Amino acid sequence: MLTCRNVLRRLAPLTRASSSVCRQNVRRAGLSRGRTPSHVPVAHMSGGPGAAGGENRLYVLLVGAAALGGGVYTYQTLKGDHKRYQERLEEIASRPHRRAASVLSEQSGSPEAEPQAEPSAQETAETAPPSETTEVPAEPEPSPTEPPTSAPQSEPAAEESPTVAQESGADPTAVSSQLPPHAPYLLIGGGTASFAAARSIRARDPGAKVLIVTDEPDLPYMRPPLSKELWFSDDPTVTDTLRFKQWNGKERSIYFQPPSFYINPEELAAAENGGVAVLTGKKVVHMDVRGNKVRLDDDTEISYDKCLIATGGVPRNLQVIERAGEEVAKRTTLFRKIEDFKWLDKVSRNIQSITIIGGGFLGSELACALGRRSGETGLEVVQMYPEKGNMGKVLPEYLSNWTTEKVKKEGVKVLSEALVKSVAFNDDKLEIQLRDGRVVRTDHIVAAVGLEPNVDLAKSAGLEVDSDFGGFRVNAELQARSNIWVAGDAACFYDIRLGRRRVEHHDHAVVSGRLAGENMTGASKPYWHQSMFWSDLGPDVGYEAIGIVDSSLPTVGVFAKATAKDTPRAATEESGTGIRSESETEDVATSPVASSTPSPSAGQAKDDYGKGVIFYLRDKVVVGIILWNVFNRMPVARKIIKDGEEHADLNEVAKLFNIHED
């Protein structure tokens, strides 16, 4: 390049002189003819007599040579720079693979692995950060047809190339997973409420990224079959498959969705279309509400934009069992999760006697389920509770007594008005001492004495817990704070008709989770839904309830003779689902039509509780309804409670449920 500059510098005077000669010759030729020339004469460089032609040719040759040399030099320079640039990019791109291969070779201990070469001086200079005096050349802009090359990290770790490790046959567990540091929607708890919220969020925001964190090892699943249909399955592998036949004969899984429905938590941040990820086996132990982040039990921190607390509850236990020692604790089951079902199924096949403490929904369902098994294996099943009859806290006394007889027919030994005084382990048996002096010897105990809402996060999050009902206090939109919602068993909400409540049933978990998910996406809807719950004492007797159903309230019952259609089995055949609330909560009763069939006389329905309706009253207003072997009428019951009117004749109201039709 310097040579070209010197040549041009020397030729500059000649160029100026030749241009002056050309202008003078043209001017003279024009003046001599007295008119504008018709053509421009060829200018000759003056250089003395007889030297004009030679000097012109020399000038042209010199200029041409200079231009040609400069072009060749420029082309070679640019070509070399481009080649070095491409080699540099290839070298940078190959670094992660070479590092991963090096790590794998070190882990495998192969003597054939080549040691990583020391970087050359040129590579060291290129990778070192530029000093203040070093001039960094600008990199050429990428072509519009080629994607820009992202800058590589200075120190890529081996786990950043899991594909290389897997293809090389390395143990994939050696590659540490990277959890998402941020989740736009964080759902704490992996139960029904969380899944319903995730589905609702994705419905309103198709690109939403939802992370569910659960301390259970399983994906979201429904809990009702754990004490119902699973026990009546004929499949010997039901504890492994967790698939069961509903009362209508259709088969389904206990899980809401198969694993393919979810994406890996590690892929959530990069998921272009969003998705739902489930982080199993992890528990949130601390909430930083101001910082919008949580801490897991392994000290991992995850930030969020919006958070749902759906931690559900933990089974209660009797203090006398807790104080009884390790041997009693090992032989006691607090029934709640999949692992509890598997354990109880295994235990019940290898012991002689089992005792269920509790006469509520769970205790009665398990008693009937295990009672059926007693006829096959000779298992002795005992159910004890402090009430006078089965479901004594919910059903009126006459219906509680009828239910008790039903449970006895299932092969269960019932002990009513039984208060446990102490439990001990003697001679390979559990001894349950009652306060009235009765003693029950058994091999295993199932404590089904209620649920305690899980509010462990209340202290660190600064959230209010209701002193009367337990659970996190939330407003009408299920909000505990501006960006925190609560749904399911752990939510203590305000019912516009019945006051502040806390509900522990599947339908409430579905509907409250769905509403919370909608409100997390900006719906701002109040929770006005009257959730229902149901219980089945086998495939032939079942009931559905709504509102406040407390046996201490005045009740009015209207009954009719049952038919073959009035069973849980027939109800699932009509609705197509074993989880009846999934179909009924979508319906709204606007104008129920009463049956034209006259109600039977009192004597006709006496002691015949095949099917009917029980109204629970408070200040002469219906606040709760039980539909006994009456199915697919819950929207009618929901509207009656919502209206909140006094009724002079509840027999006429019962006609709205068409219980007198064949």
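A salt bridge here is a side-chain nitrogen of Lys or Arg within 4 Å of a carboxyl oxygen of Asp or Glu. Everything below comes from a predicted model, where local features need pLDDT of at least 70, side-chain atom pairs count only at pLDDT 80 or more, and totals for chains, interfaces and linings use all residues. Residue numbers run from 1 along each chain as its sequence is written, and side-chain values use heavy atoms, with hydrogens and water left out.

**View 1. Glu 327 and Lys 330 pair up within a helix.** The closest N and O atoms of this salt bridge are 3.4 Å apart. Both residues sit in helix α9 (residues 326-330), and because they are 3 residues apart there, about one helical turn separates them. Helices (H or I, at least four residues) and strands (E, at least two) are DSSP runs, numbered from the N terminus. Glu 327 is partly exposed at 31% relative accessible area, and Lys 330 is partly exposed too, at 47%. For these labels, buried means under 20% relative accessible area, exposed means over 50%, and partly exposed is in between (1.4 Å probe, protein chains only).

**View 2. Glu 387 meets Lys 393.** Their side chains form a salt bridge at 3.9 Å, N to O. Glu 387 is buried, with 15% relative accessibility, whereas Lys 393 is exposed at 60%. Elsewhere, salt bridges that share partners tie Glu 327, Lys 330 and Arg 331 into one network.

**View 3. Lys 283 and Asp 456 reach across the sequence.** This salt bridge has an N to O distance of 4.0 Å. It links distant parts of the chain, 173 residues apart: Lys 283 is in the loop between β5 (275-279) and β6 (284-288), and Asp 456 is in the loop between β18 (451-453) and α13 (458-461). Lys 283 is partly exposed at 35%, while Asp 456 counts as exposed at 54%. The structure holds 27 salt bridges.

**View 4. Gly 358 sits buried in a loop.** The loop in question runs between β11 (353-357) and α11 (361-377), and Gly 358 counts as buried because its relative accessibility is 8%. Leaving aside neighbours within four places in sequence, Gly 358 is in contact (heavy atoms within 4.5 Å) with Gly 363, Gln 383, Met 384, Tyr 385 and Ala 448. What separates the C-alpha atoms of Gly 358 and Val 449? They are 5.2 Å apart, though the two residues are 91 residues apart along the chain.

**View 5. Tyr 494, Ile 496 and Trp 528 make a nonpolar surface patch of about 360 Å².** Patches are made of residues with over 30% relative accessible area and no salt bridge; like charges are joined within 9 Å, and nonpolar side chains (Val, Leu, Ile, Met, Phe, Trp, Tyr) within 5 Å. Areas come from the Shrake-Rupley method with a 1.4 Å probe, and for residues only the protein chains shown count as cover. Trp 528 lies in the loop between α14 (506-520) and β24 (532-536) and is exposed at 55%.

**View 6. Asp 234, Asp 235, Asp 240 and Glu 376 form a negative surface patch.** Lys and Arg count as positive and Asp and Glu as negative, with His and the chain ends not counted. Each charge is placed at NZ of Lys, CZ of Arg, CG of Asp or CD of Glu. Asp 235 lies in the loop between β2 (209-213) and α7 (238-241) and is partly exposed at 33%.
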